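Please open the structure in your viewer and keep the selection tool at hand. The stops below say what to select next and what can be found there.

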Amino acid sequence: MRRRICYALIWMMLYTVPVVHAQDITALKMHKQRLYRQYTRLAASAQDTTMDARYYHLSLRIRFRPNLLEGEVEALFQSRVDNLNTIVLDLDDAMNVTAVGASAGAFQHNNQKLRLTLKKTYHRNDTLRVRVRYRGLPANDGGDWFVFDTIEDSLDHVWTLSEPYGARYWWPCKDTPADKADSVDIRVTVPAGLWVASNGLLADSVLTDSTNTFFWKERYPIAPYLVSLAVAPYARFRDSYPLPGGDVLPLYFYVYPSEEARAREVFKETRDHLDVLSAYFGPYPFAKEKYGLARFGWGGGMEHQTLTSVGRVSEAWRFLYVHELGHQWFGDALTCASWRDIWLNEGFASYSEALYAEARGYGELPPGRAAYDAYMSSQLYYGDETVYREDTTSVAGLFDRVVYDKGSWILHMLRGQLGDTLFFKGLRRYARDSTLLYTSVRTADVRSAFEEVSGRALKTFFDQWLLYPFYPSYEVGWQTSTSDSGSVLTVTIRQEQPRPVYQLNLELKAYYSNGADTVLTLFNDSRDQTYRFVLSHAPVNLRLDPGNKVLKNVRYRNEAAYTPRITIDSARPNPFREQIEIRVTSWRNVPPELTVFDVSGRRLRRLKARVAGAFHDYYYAWDGRTDTGRRVAAGIYFIADAEGKAAARVLYLK
Ligand SMILES: [Zn+2]
């Protein structure tokens, strides 16, 4: 999933804190901004672990004016325990259950749980079939799970986006990414004139004067959140992609009627996206079915299995299309078993974008390492959130940019640690491992794949980047002396961050007075470490990690002037009425002073840190007043550090 919105929209201020580096404002990549509504309902619902989902048959009817969803879901489960008398499914209370059948004899439905009493007792490995009939208007309780929408203000449009907790809002299931069904059938009846796009292959369609019925069959294992519907009077066209071995993968496109001509142009590239990603990851994982794109009304993309939903048809969205295609391998064929490991979906999909940049170029940069490096630089993350998401109760928190940006940097850094050959071998091992493919996975599975191909223990590598906020901050000192064998370079490296002590291979580039340079390598794994290198000449300068293979801050002791990093991590609430709290990370030794500017650049207020935290973090507050105590007018203001290296845009309401 990737949210993409226009930075210029002021209403965005209602939901997000745009934090930008002042000097980068013009170069800001709009698509890095994401928007999520807060979803505070406790999401960590206890799923029924007494049975495994095997198969779901969804039979749905969608009515308009009044809008209504009528459904009958038949589900096959396998008991994991003896003496099984009841099972519990997830289903939102807005769906009114009218009947249950097959093995289910009675039901209780409340608090998003549907408890089914079984007609007989089942034992371990027994298969049981239940049927649930229900109707209602899906509640979009903090999300856009099942949306009755319109195109061009008049055409009926229904779309779903069930990640992470939305399947239960429109169909009863075990709503967890940890339990994939082996297959799913989806039969949907809609008014005549509408088309239904969904997962897998279209097995049948019945078009009458009053209704259209579509029957989709997904024969690959699928997690409930990846089951989707896209319903509209779609313009439809197809393409095909040649597979190794002579088969052909059909490509299906469903777009709004007014966009068809543009879509036929823009989506021509899909074949090339498949070329690029399958060269890196191995064959497209749903080769016996299809890949497709369906237009929907959400401002981003969602990697529904075999059918990505996208919010716009535009060449400018190229990297988003690549991101969602990358998810077909990482997210769909291999699905994070727990939302805490969401980086296994989003970090990998974001890294797919960088690989695409390397293969096809990025901006003005031609294909190659420079394009890749530039793309990775656009995904830098220096903040205080951890990639591992302990708290899964807020959708905004779950899809924090840390899992996209720092998540993709974990792969970039692993590539730096292992070298290209082992890294890509490990990536393919993970993507193609027959014991993992089409299952739900954990970080340990990625680690094992890379450990197997490299023969290296990688637990520390993953733990230090997944479980801790921030990044290492190195202080580098060096001096030279002469010996019989040449010039001796002594380098001391101190890790200044509070914790952990990072363990990494690092490169050190030595520059000579004649313009030549040489790259030295070292392994750094303690708080203070000293290295000695014998060189033919004394270097005149030194740079740690010149290729930016590690997320870090570096300070050179020999250099009086250096540029410490400063970032504004958060400004909340934004917009604000009473007071806005600002959090800054700075590697300076004194708390930085912040200044509030209006949009014309006038300085209104100087802010001093109120609290200093343990991680080089400082806390500020602004009450909407100038230095002289006057209340400012409602509007947009910028809060920046003295050198203009970091700035936040805030909205003051009266
Ligand atoms: Zn994504």
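Which residues coordinate the zinc ion? Bear in mind throughout that this is a predicted model. Select the zinc ion, and you will find that M1 (N), M1 (O), H323 (NE2), H327 (NE2) and E346 (OE) coordinate it at 2.0 to 2.3 Å. Written along the sequence, the spacing of these donor residues is M-x321-H-x3-H-x18-E.

Next, select Y56 and F267, which touch the most other members of the largest nonpolar core, a set of 172 residues. A separate, second core has 21 residues, among them L594, L607, I639 and A648. Returning to Y56 and leaving aside residues up to four places away in sequence, you can show its contacts, which include V73, F77, W171, P172, C173 and V184.

What is the relative accessibility of C173? The value for C173 is 0%, and therefore this cysteine counts as buried; C336 is likewise buried, with a relative accessible area of 0%. A disulfide is a covalent bond between the sulfur atoms of two cysteines. The structure holds zero disulfides, and C173 is in none, the nearest cysteine sulfur being that of C336, 15 Å away. Seen from C336, the closest cysteine sulfur is the one in C173, and because the distance is 15 Å, the two are too far apart for a bond.

For the last stop, select strand β11 (residues 155-160), which is mostly covered, with five of its six residues buried. Strand β10 (residues 146-151) runs antiparallel to β11 and is joined to it by six bridges. Between β10 and β11, which form a hairpin, there are three residues, and in this turn E152 has a positive phi of about 50 degrees. Strand β16 (residues 230-232) also runs antiparallel to β11, and two bridges join them. Finish on V158 in β11, which is the bridge partner of F148 and also stands opposite V231 in β16.

Methods. Residues numbered from 1 in each chain as written. Predicted model: local features only at pLDDT ≥ 70, side-chain atom pairs only at ≥ 80, totals over all residues. Heavy atoms only, no water. Buried < 20%, exposed > 50% of the residue type's maximum accessible area, 1.4 Å probe, protein only. Helix = DSSP H or I, 4+ residues; strand = E, 2+ residues; numbered from the N terminus. Pairing = 2+ DSSP bridges. Disulfide = S-S within 2.5 Å. Core = buried A, V, L, I, M, F, W, Y, C linked by side-chain atoms within 4.5 Å. Contact = heavy atoms within 4.5 Å. Donors = N, O, S within 2.8 Å, 3.2 Å for Na, K, Ca; no water.
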